[in-house]
Amino acid sequence: MAYKHVEFPQQGQRLSIENGRLVIPDHPILAYVEGDGIGPDIMRACLRVWDAAIEQAYGGKRKVHWMELYMGGKAAEKYDGNVFPDEVKEALQQIIVSIKGPLTTPVGGGFRSLNVALRQDLDLYACVRPVRYYPGVPSPMRQPEFVDVVIFRENTEDVYAGIEYQAGSTEAKRVERFLKDEMGAEFFNDSGIGVKPISAFGSKRLVRKAIQYALDHDRESVTLVHKGNIQKYTEGAFRNWGYEVAREEFGDRTITEADLYSIYGGKQPKDKVVIKDRIADIMFQLMLLRPNEFDVIATTNLNGDYLSDAIAAEVGGVGIAPGANMADFVAVFEATHGTAPKYANQDKVNPGSLLFSGVMMFEYLGWNEVADLITFAYPEVIQRKIVTYDFARLMDGATEVSTSQFADALIDQIKAKVDIEARRREWFTAVQSGREEREARRMAEPFVEMRASGRTPHTVADIMSHIRTVKPGVFVDQVMHLMREHGISSVVVEPGRDGLWAIMTQRDIIGRIIHANRSPAHVKVEEIATKPLVTVPVDMSLQECASRMVESHIRRVVVEQSGLPVGIVSDTDLFRIVDELGWEPVVL
């Protein structure tokens with residue numbers, strides 16, 4: 001493409017993708033978009049801070065060669081009213097990594113949101129929003145230091161797909177007639193209508209990226225947040241597809257939360273990421289009451305929109321919340337707040353959101369020394385109460401400074417040689433301590449922890465106990481010792497010549513050994529075991545499982561997956577779930 005207003009720097013090298021990996025030169029060319037409103041003020045300040053941190057970290061061995069691209073108001077001036085020119089889209093893809101300030105989004109009319117256009121036109125399918133607390137930042141939480149999550153929000157589907165029709169329009173009436181006449185739907189006449197598409201493709205690539213991030217950054221868990229209890233075929237499908245990705249593509253590196261309790265007794269295996277899920281509305285409560293239970297969150301578009309801003313409010317607000325829109329490689333980092341036009345060109349506002357989006361960008365490039373310099377220098381400045389107006393009004397004795405003056409203070413702190421290794425050790429120690437405390441609680445009082453952490457069992461896989469198997473030919477007394485040693489009430493017997501699995505329970509010992517006046521030392525386990533097994537699939541609901549047990553007049557069922565027994569659910573398990581966690585009737 002022949003560029004009109006895009007100018008590449010004469011020095012520096014472009015990033016490249018080789019053998020499925022992003023290659024970062026020591027002198028990369030990166031793009032920035034100032035943005036609208038306060039965008040120019042905060043971008044000028046942040047560019048200075050980023051360059052100072054690079055110089056401090058590498059002493060000239062590495063340097064970013066910045067190039068400016070135009071979107072929003074500045075683009076309209078240069079491109080005859082076009083706020084998102086095609087050559088800018090092309091340049092963003094060629095540069096691969098870029099960062100932008102806030103862009104104007106109209107409400108209720110006008111041109112389509114530039115942020116949404118950017119995500120959809122470049123297929124930046126993951127909106128990534130880290131939210132963590134920096135000491136000294138004003139917060140409404142009693143313990144904001146417990147908040148440290150990374151939200152992966154699906155960026156291209158859900159209600160943000162933009163499929164909606166205005167009430168009373170010809171299109172809306174056509175859709176209404178189809179839904180009512182052809183599909184039997186019931187809703188008020190002359191409604192505005194929106195369509196919420198959620199696909200396996202879109203869901204899986206988002207969850208895949210979240211899991212890979214958790215593995216790469218030593219995160220403890222990935223939580224799938226959804227409203228699947230109501231929207232079963234969209235939000236519920238997102239949950240199911242998420243578990244499917246974890247099982248099929250990361251099976252050797254992940255376990256489910258059900259596995260964590262039923263197989264591992266609450267003790268998380270080393271180098272395994274726990275995959276769990278929570279209902280969206282409950283998640284808002286949990287992020288206030290028990291935020292340190294959650295690490296990486298993967299969710300649908302609208303849920304992620306709400307959650308990311310709400311959680312950011314716990315640690316200082318969207319004014320310091322970073323974000324990025326990412327594809328497999330192309331990434332556009334961004335300030336997550338609005339343009340605040342009334343403060344434009346006043347050198348007044350907090351640059352934190354854009355600043356930390358830059359920190360994310362340098363982490364993405366693998367320049368962790370730069371990211372850590374800014375991350376650890378920032379709270380030093382805040383705790384000295386050198387802050388912009390938004391924090392100054394919440395602090396006693398604060399020194400209110402301008403945007404550029406805050407950048408000056410931060411650069412001075414960066415140059416003061418922060419002890420990065422010491423800070424990293426402090427952070428690692430705190431993380432490990434928190435993990436050990438949670439693990440101890442899970443192991444000591446599993447059902448209490450399930451309830452407190454918002455875990456709601458849905459299927460037999462969520463509550464099953466790990467099975468113990470024995471081979472045919474073993475005598476009953478030997479199996480009895482095994483059962484007593486492991487505190488279990490049944491074992492599964494592997495197939496013999498007949499090819500059938502069987503189960504031996506304590507009840508079989510009573511009825512077929514003691515009552516029958518036989519010696520357990522002379523009876524083989526397959527002689528008294530019950531076959532064939534009554535089995536249920538791993539995804540069977542608890543209500544369906546209870547029905548199966550009642551109809552079959554049995555006290556336990558064997559859970560199978562791919563034709564093999566993997567667990568056991570008993571009436572005692574179901575009783576305890578109802579007693580400990582409560583039971584809401586299933587709406588059919």
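Me: A residue counts as buried when its relative accessible area is under 20%, and as exposed when that area is over 50%. Is lysine 204 buried or exposed by its relative accessibility?

Reply: The model here is a predicted one. Lysine 204 has a relative accessibility of 19% and therefore counts as buried, since the cut-off is under 20%. This lysine belongs to helix H6, residues 200-216.

Me: With which residues is lysine 204 in contact, leaving aside its neighbours within four places in sequence?

Reply: With those neighbours within four places excluded, lysine 204 is in contact with Trp241, Glu244 and Val245.

Me: How is glutamate 235 classed, buried or exposed, and what is its relative accessible area?

Reply: Glutamate 235 has a relative accessible area of 2%, so it is buried. Its place is in helix H7, which covers residues 235-249. Leaving aside neighbours within four places in sequence, glutamate 235 has contacts with Asp158, Lys196, Ile198, His226, Lys227, Gly228, Thr300 and Asn303. A separation in sequence and a distance in space can be read side by side here: glutamate 235 and alanine 280 are 45 residues apart along the chain, and their C-alpha atoms are 9.7 Å apart.

Me: For the protein chain as a whole, what share of the contacts with a separation of 6 or more comes from residues 24 or more positions apart?

Reply: Such residues account for 70% of those contacts. Of the 588 residues in the protein chain, 49% count as buried. The secondary structure comes to 22 helices and 24 strands, and the C-alpha trace spans about 95 × 65 × 50 Å along its principal axes.

Me: Which residues of H14 are buried?

Reply: A general idea comes first: an α-helix has 3.6 residues a turn, so residues three or four places apart point the same way. In H14, the buried residues are Thr403, Phe406, Ala407, Ala409, Leu410, Ile411, Gln413 and Ile414. Their cover includes helix H1 (39-58), helix H11 (352-365), H12 and strand S16 (386-387). In H15, the buried residues are Ile420, Ala422, Gly434, Arg435, Arg438, Glu439 and Arg442. What covers them includes helix H8 (257-262), H12 and helix H16 (446-452).

Me: H12 is among the elements that cover H14. At what angle do the axes of H12 and H14 cross?

Reply: The axes of H12 (residues 368-383) and H14 (residues 403-415) cross at roughly 115° and come within 9 Å. This crossing is right-handed. From H12, the residues that meet H14 are Leu373, Ile374, Ala377, Tyr378, Glu380, Val381 and Ile382; their partners in H14 are Phe406, Ala409, Leu410, Gln413 and Ile414. By class, this contact has 10 nonpolar, 1 polar and 1 charged residues.

Me: What is the peptide bond from lysine 531 to proline 532, cis or trans?

Reply: That bond is cis, with omega near -5°. Proline 532 is placed in the loop between helix H20 (525-528) and strand S22 (535-537).

Me: How many disulfides does the count come to?

Reply: A disulfide is a covalent bond between the sulfur atoms of two cysteines. The count here comes to 0 disulfides. For cysteine 127, the closest cysteine sulfur is that of cysteine 46, 18 Å away, too far for a bond. Cysteine 127 is buried at 1% relative accessibility, and cysteine 545 is buried at 0%.

Methods
Residues are numbered from 1 along each chain as its sequence is written. This is a predicted model: local features need pLDDT of at least 70, side-chain atom pairs count only at pLDDT 80 or more; totals for chains, interfaces and linings use all residues. Side-chain values use heavy atoms; hydrogens and water are left out. Axes are lines fitted to C-alpha atoms, for helices over the stretch in contact, and angles run from 0 to 180 degrees between N-to-C directions. Helices (H or I, at least four residues) and strands (E, at least two) are DSSP runs, numbered from the N terminus. A crossing is left-handed if the near helix is turned anticlockwise from the far one by less than a right angle, and right-handed if clockwise. Contact means heavy atoms within 4.5 Å. Ala, Val, Leu, Ile, Met, Phe, Trp, Tyr, Cys and Pro count as nonpolar, Asp, Glu, Lys and Arg as charged, and the others, Gly among them, as polar. A disulfide is a pair of cysteine sulfur atoms within 2.5 Å. Buried means under 20% relative accessible area, exposed over 50%, partly exposed in between (1.4 Å probe, protein chains only).
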